[in-house]
Amino acid sequence: MSKRIDGAMRAARIAHALKCPVCGNPVQVEESGRLLCPENHSFDFAKQGYVNVLTRPAAGHYNKELFEARRRIMLDSGLYAPFHKAASDLIREVPFLASGTGIIADIGCGEGTHLHKILEELDDPHVAGAGLDIAKEGVQLAARDFPDAVWLVGDLAQSPFVDGSIHTILNILSPSNYEEFARMLAPGGRLIKAVPGAGYLRELREALYTDERRTYSNEGTVELFDRHFRRTETVPLRYSVLLRRAQLEDLVRMTPLSWSPDPEAVSRFLDCESAEITVELDLLIGEPRD
Ligand SMILES: [Zn+2]
C-alpha cells in the first residue's frame, strides 16, 4: 500500500474526530486518499502520508534543517526520554471514553518525534495519535518516518478536530490556543503543556549569550495557562544528559535560541568532546474552566 493510502487509512480510524476546516462539517476519508466534506471541500493526502488542511498558505519559521537536527538529537541521545516517560504516565491516568479509543493530539508537533516516542512508550492499541503543525517541512518528516499517527499540516487557530473529540492534548514547547484546546477536549480530557523551566538548556544559553537571553522565566506562560485552564497538577522535571560534540552541534541547530548568536561563541561552545546539558521542564496539566 502506498504511504498516501496508508496515511488516509490511519485517518479513517479517527474520522469521527475530523471536521472540514472551511465549513466545519464532518469529513469522510475516501479510500482514494482524500478528506471530503458534504460541501465538496476536499483535501488530498500527500505522497508522504500526511494531509494539508490549511485554508491559506502559511510561512513557517522553522526550516527542514532545524527539524532534522531536532529529530537526530532526540533519537540519538535520549535528551527528552524522561519527559516522554512522564507524559505517557500522565496520559495513562485518564481512562478512555466509552468508545474505547483515546485520541492523543500533539498540537505543534513539529517533526513528530515527541508524539512518536510517547506513542511508543504507551504501546496501547486503543490509543490513536494525531499530530498537527503549521510547518509543512516538519509534518513531511513526521509522515515519512513515523507511520504510527495521523499527520496534519494545519492552523492551530482553525484546527480540523471536532468539538469534544480529543482525550489528551499535548502542547510541547509550542504556542497555545486555549479556546481551541477547550473546544477540542472530550469531557474529562486533559491538556498537558510542557514549558521550559529556568534551567532549560542553561549551559547553551550561558555559552551563547551575554544579554538577557542568558536567563529565562516561564512566569508569563504559566499565568496565561492558569487564566484559561484549571491547573490540576504540575510535574517538574529536571535532569541532565551528556551530549557528544555532534549532538551539541545539533542542539545549536535545533533551538530558536540560536537564531542570532555570536558565531565565535558558538565555536567556543562546540570546542569540546562532550558536555552535560540541563533539561528542565514544567508539565502543566489542566482542564478547561467551565
Ligand atoms: Zn467543508
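Trainee: Which residues does UniProt place in the feature "binding site"?

Mentor: The model before us is a predicted one, and the annotation comes from an unreviewed UniProt entry. Although the annotated residues are spread over 22 residues of sequence, they cluster in space, with a largest C-alpha distance of 8.4 Å. The residues that the record lists are Cys20, Cys23, Cys37 and His41.

Trainee: Which atoms coordinate the zinc ion, and at what distances?

Mentor: The donor residues of the zinc ion follow the spacing C-x2-C-x13-C-x3-H in sequence. Within this set, Cys20 in the loop between H1 and E1 and Cys37 in the loop between E2 and E3 form a pair that links distant parts of the chain, 17 residues apart. The coordinating atoms are SG of Cys20, SG of Cys23, SG of Cys37 and ND1 of His41, at 2.1 to 2.3 Å.

Trainee: What is the geometry of the site of the zinc ion?

Mentor: The site has four donor atoms, and the angles among them run from 103 to 116°. Four donors count as tetrahedral if all angles lie between 85 and 135 degrees. The site of the zinc ion is therefore tetrahedral.

Trainee: Is Cys23 buried, partly exposed or exposed?

Mentor: Cys23 is found in the loop between H1 and E1, and, leaving aside its neighbours within four places in sequence, Cys23 is in contact with Cys37, Glu39 and His41. Its relative accessibility is 28%, and buried would require a value under 20% while exposed would require one over 50%. Cys23 therefore counts as partly exposed.

Trainee: What is the relative accessible area of Cys20, and which residues does Cys20 touch?

Mentor: Cys20 lies in the loop between helix H1 (3-13) and strand E1 (28-30). Not counting residues up to four places away in sequence, Cys20 touches Asn25, Val27, Cys37, His41 and Phe43. Cys20 is buried, and its relative accessible area is 1%.

Trainee: Asn40 and Leu201 are residues other than glycine with positive phi values; is each of them buried or exposed?

Mentor: Asn40, with phi near 70°, lies in the loop between strand E2 (34-36) and strand E3 (42-44), and its relative accessibility is 60%. Leu201, with phi near 50°, is placed in the loop between strand E9 (185-196) and helix H7 (202-208), and its relative accessible area is 1%. With the cut-offs for buried at under 20% and for exposed at over 50%, Asn40 counts as exposed, whereas Leu201 is buried.

Trainee: How are H2 and H4 oriented to each other?

Mentor: Helix H2 (residues 64-77) and helix H4 (residues 113-122) pack with their axes 10 Å apart and at an angle of about 30°. The contact is made by Arg71, Met74 and Leu75 of H2 and by Thr113, His114 and Lys117 of H4. Angles under 35 degrees count as roughly parallel, and H2 and H4 are therefore roughly parallel to each other.

Trainee: What is the relative accessibility of Ala142?

Mentor: Ala142 lies in helix H5 (residues 136-145), whose buried residues are Gly138, Val139, Leu141, Ala142 and Ala143. Not counting residues up to four places away in sequence, Ala142 touches Arg71, Glu111, Gly112 and Trp151, while the elements covering the buried residues of H5 include H1, H2, strand E6 (127-133) and strand E7 (149-153). Ala142 counts as buried, and its relative accessibility is 0%.

Trainee: Which residues of helix H9 are buried?

Mentor: Helix H9 spans residues 245-254. Among the elements that cover its buried residues are H2, H7, strand E10 (229-244), helix H10 (263-269) and strand E11 (274-288). The buried residues of H9 are Gln247, Leu248, Asp250, Leu251, Val252 and Met254.

Key:
Residues numbered from 1 in each chain as written. Predicted model: local features only at pLDDT ≥ 70, side-chain atom pairs only at ≥ 80, totals over all residues. Heavy atoms only, no water. Helix = DSSP H or I, 4+ residues; strand = E, 2+ residues; numbered from the N terminus. Buried < 20%, exposed > 50% of the residue type's maximum accessible area, 1.4 Å probe, protein only. UniProt positions renumbered as here; feature names shortened; annotations may be inferred. Contact = heavy atoms within 4.5 Å. Donors = N, O, S within 2.8 Å, 3.2 Å for Na, K, Ca; no water. Tetrahedral: all angles 85-135°; square planar, octahedral: opposite > 155°, others 65-115°. Axes fitted to C-alpha atoms, helices over the stretch in contact; angles between N-to-C directions. Parallel < 35°, antiparallel > 145°, perpendicular 65-115°, else oblique.
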